[in-house]
Amino acid sequence: MDRRDFIKKAATLALLAPLAKFEAFAAPATTVPGLVDKQSSLREGPQVARRPYKDTGLTVPLMGMGMMRLPTRGGKADIDYEATEKIIARAMRAGMNYFDTAWFYHDGQSEICAGKILSKYPRDSYYLASKMPCRALRTEADVERIFNEQLRKCKVEYFDFYLMHALNARLWKRSQELHVYEFLKKQQAAGKIRLLGFSFHDSYEVLREIANAKEWDFCQIQLNYLDWKAYHSKEQYEILTRRGIPAIIMEPLKGGRLASIRPEAEAILRKERPNDTPASWAFRFVGSLPNVLLMLSGMTKIEHMEENIKTLSPFEPLTEKERLVMAEAFGKDAVDTVPCTACEYCLPCPASVGIPTVFRIYNRYKSTGDKALFQKEMSELDNGQHGAKSCIACGACLKKCPQKIQIPTWMATIAREQK
Ligand code: SF4
Ligand code: SF4
């Protein structure tokens with residue numbers, strides 16, 4: 001190992017030190033009416049590892065199924081029910097009985113899908129999470145109307161986990177004006193919400209302010225290997241841990257980015273564990289954090305579900321040596337790309353630019369250097385999506401992107417590089 005490598009590895013170990021620091025973490029007790037442990041009714045074969053929720057007796061699977069990226073038959077709202085039903089049945093057999101939907105997902109169809117499919121299972125065999133769409137609220141009356149509509153769409157009488165969706169400084173202020181938290185606390189007292197939290201996209205200073213402002217049962221943050229430092233996930237995780245708020249993790253693969261890495265980076269991982277994929281390493285990084293209650297993963301194919309079940313049954317935390325291997329592999333892969341997580345909040349674009357698709361193609365080009373493939377993929381966008389050249393720089397997407405990506409500026413850069 002030369003001096004540069006040594007310094008790089010030492011710095012990485014320092015970066016990952018907090019993984020070990022919280023091993024003695026124990027969240028304070030909580031008592032919530034109606035909070036009972038739920039196990040899948042269909043358990044069969046290897047079971048996904050579970051984590052306890054404080055000392056309530058409730059356990060959840062270490063991974064939940066995100067219903068933001070379900071299989072479709074083309075359009076975003078055209079969910080492939082047959083494929084989704086198979087994936088959910090497989091999840092239930094493996095004990096992965098946590099499902100996360102939201103008002104906005106699949107243009108409103110995700111909650112309906114959750115209701116239609118999950119209502120075939122006993123209500124005490126699965127956890128359902130949904131979210132108050134804070135950016136859609138115009139009046140205080142909207143809060144109650146939407147909440148009741150969500151219960152109806154999901155065909156349930158209560159949500160196990162309920163979140164104020166995608167809070168940032170602006171939406172937190174707006175939600176306070178509309179007394180959203182107070183309304184939701186009343187629903188919790190009435191048994192319509194078991195655990196109340198929020199999902200979050202902003203700076204860690206804002207997270208600290210919101211976490212300290214109210215009592216929260218959990219919080220959902222973006223955390224993955226690449227964002228640990230770049231997106232200040234480390235600081236966010238530590239704020240929650242100090243406050244005793246269990247963390248639910250979104251984007252553990254950074255929108256799929258960590259599942260598909262450069263061949264030379266993957267070779268480093270395969271040398272250590274030949275049968276493990278880059279995605280499994282990324283999940284193990286997140287699951288090794290003791291204050292992580294659960295991580296979410298969107299699984300559009302049954303193969304994704306099978307691979308995730310394999311990673312989590314049983315779950316093996318990363319060893320010190322594996323952390324170094326991971327640093328070496330993903331460090332090689334951390335090139336200057338657009339930090340897009342493919343959440344699609346920026347869509348629709350008035351010029352039909354397929355924003356996340358364009359970023360995905362561009363990111364791959366930046367990590368492989370294959371310009372011919374980049375130009376080919378950009379000229380073959382499907383489903384009516386247009387490329388970077390079509391961006392008219394209207395700025396409509398800017399306010400909607402939780403990652404604060406300067407989308408029109410990137411589109412101009414990508415259009416230039418396409419030549
Ligand atoms: S700035 Fe470009 S990408 Fe963004 S909404 Fe407008 S046209 Fe679409
Ligand atoms: S550009 Fe931003 S809003 Fe659009 S998909 Fe990517 S991360 Fe999401």
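**Entry 1: salt bridges between the domains.** I looked for salt bridges across the interface of domain 1 and domain 2, and the rule finds one; a salt bridge here is a side-chain nitrogen of Lys or Arg within 4 Å of a carboxyl oxygen of Asp or Glu. I also noted a salt bridge in which the side chains of Lys404 and Asp202 meet, at 3.8 Å from N to O. On the side of domain 1 that touches domain 2, I found one nonpolar, three polar and two charged residues. In this scheme Ala, Val, Leu, Ile, Met, Phe, Trp, Tyr, Cys and Pro are nonpolar, Asp, Glu, Lys and Arg are charged, and the others, Gly among them, are polar.

**Entry 2: basis of the values.** I record that this is a predicted model, in which local features need pLDDT of at least 70, side-chain atom pairs count only at pLDDT 80 or more, and totals for chains, interfaces and linings use all residues. Residues are numbered from 1 along each chain as its sequence is written, chains are lettered from A and ligands numbered from 1 in the order in which they are written, and side-chain values use heavy atoms, with hydrogens and water left out.

**Entry 3: the two domains.** I took the bounds from the domain assignment, which gives domain 1 as 3-333 and domain 2 as 355-417; such bounds come from an automatic or database assignment. The C-alpha centres of the two domains lie 27 Å apart. Six residues of domain 1 are in contact with six residues of domain 2, contact meaning heavy atoms within 4.5 Å. The area buried between them is about 660 Å², and carbon and sulfur atoms give 41% of that area. Buried area is the accessible area (1.4 Å probe) that two parts lose on being put together, summed over both.

**Entry 4: Gln220.** I located Gln220 in strand β8, residues 218-222; strands (E, at least two residues) and helices (H or I, at least four) are DSSP runs, numbered from the N terminus. Gln220 counts as buried because its relative accessibility is 1%, buried being under 20% relative accessible area (1.4 Å probe, protein chains only), exposed over 50% and partly exposed in between. Leaving aside neighbours within four places in sequence, its contacts include Asp100, Lys131, Phe198 and Met250.

**Entry 5: Val206.** I found Val206 in helix α7, residues 204-213. Val206 is buried, with a relative accessible area of 11%. Beyond its neighbours within four places in sequence, Val206 is in contact with Asn168, Ala169 and Phe200.
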